Amino acid sequence: VGLARIAMSEQQQEQAATLLNQALKLEPDNLDALLTKSQLLTSQEQFKAAISPLDRAIKINPLLQSARMMRSELYIRTDQIDKALDETNILLKQNPNNGLAYFTLSRLQLNAQQYTQAQTSAEKALRALPDHLMTHFILGAVHYAQQNFEQAQLYLEKFVAAQPEHLIATRLLGAVYLQLQDTESAIELLAGFDNRFHSSDAPLLNLLGRAYLQAGDYTR
């Protein structure tokens, strides 16, 4: 398993798969090998296949929260939303202070447009994990959806400062600035993103056009 992890870090995926298969042949119930195999398959975007080693790991140890967290994420990626929700509820029943489980629950609730519940879950996640950036993003999106633009600005600015290349968060923060009539900040953010990454993203360019319009710069 150790050699497989080294191979994965060196992008030698075929070698990693061979080593993991050897490990599981020696010890079929080796939890480290099962979780690492799922990680390898996930890195190859074989999301459905990556669930199988986790099924076995959880059967061996139903309290293995790391495996359940990984499986809930894979359920989301394979559009098995009901299973993802069930998995998250099991995690929270096992550990009511699991910040990552609350984060996953907030994502599911946001996607279902359950904004009040998503906000509550994300706030619980942030209490457990104050520096978890993606929770700040979720809270920014939730507050934007509820038209709480100043709160959305607070969370999204922290996220974008840490991940300036994140397209969706940049668009969302730009939209927040426009709602707050902060045209200068909107232009600085969106034009800066466009200049750095040569964006061909139509929604971002549309927001930038609206910002220039709001500023009276009709040519741009």
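Which side chains meet in a salt bridge at 2.7 Å, N to O? Select Glu-73 and Arg-107, and you have the pair. A salt bridge here is a side-chain nitrogen of Lys or Arg within 4 Å of a carboxyl oxygen of Asp or Glu.

Before moving on, a word on what you're looking at. This is a predicted model, where local features need pLDDT of at least 70 and side-chain atom pairs count only at pLDDT 80 or more, while totals for chains, interfaces and linings use all residues. Residues are numbered from 1 along each chain as its sequence is written, and side-chain values use heavy atoms, with hydrogens and water left out.

**Stop 1: the opening pair, and other salt bridges**

Stay with Glu-73 for a moment. Glu-73 sits in helix α5 (residues 65-77) and Arg-107 in helix α7, so their bridge ties together parts 34 residues apart in sequence. Helices are DSSP runs of H or I, at least four residues, numbered from the N terminus. Glu-73 has a relative accessible area of 24%, so it counts as partly exposed; buried means under 20%, exposed over 50%, and partly exposed in between, using a 1.4 Å probe and protein chains only.

The count of salt bridges comes to eight. Next, pick Asp-29 and Arg-56, whose closest N and O atoms are 2.6 Å apart. You'll find Asp-29 in the loop between α2 (13-26) and α3 (31-43), and Arg-56 in helix α4 (residues 47-60), 27 residues away. Both are partly exposed: Asp-29 at 43% relative accessibility, Arg-56 at 40%.

Now jump to Arg-220 and Asp-217, a salt bridge with its closest N and O atoms 3.7 Å apart. Arg-220 is exposed at 65%, whereas Asp-217 is partly exposed at 27%. Then select Asp-55, Arg-68, Arg-71 and Glu-87 together: salt bridges with shared partners join them into one network.

**Stop 2: the nonpolar cores**

In soluble globular proteins, nonpolar side chains tend to be buried together. A nonpolar core here means a set of buried Ala, Val, Leu, Ile, Met, Phe, Trp, Tyr and Cys residues joined through side-chain atoms within 4.5 Å.

Show Leu-110, Phe-137, Ile-138, Leu-156, Val-160 and Leu-173: of the 41 residues in the largest core, these touch the most other members. Helices that each supply at least two residues include α6 (81-94), α9 (133-145) and α13 (202-215). Which helix gives the most to this core? Click on α11, which puts in seven residues.

Zoom in on Ile-138 next. Beyond residues up to four places away in sequence, Ile-138 touches Phe-103, Ser-106, Arg-107, Leu-110 and Ala-122; touching, or contact, means heavy atoms within 4.5 Å. Arg-107 is the residue from your opening pair.

**Stop 3**

Select Thr-135, in helix α9. Is Thr-135 buried or exposed? With a relative accessible area of 0%, Thr-135 is buried. Leaving aside neighbours within four places in sequence, its contacts are Phe-103, Ala-122, Ala-125 and Leu-126.
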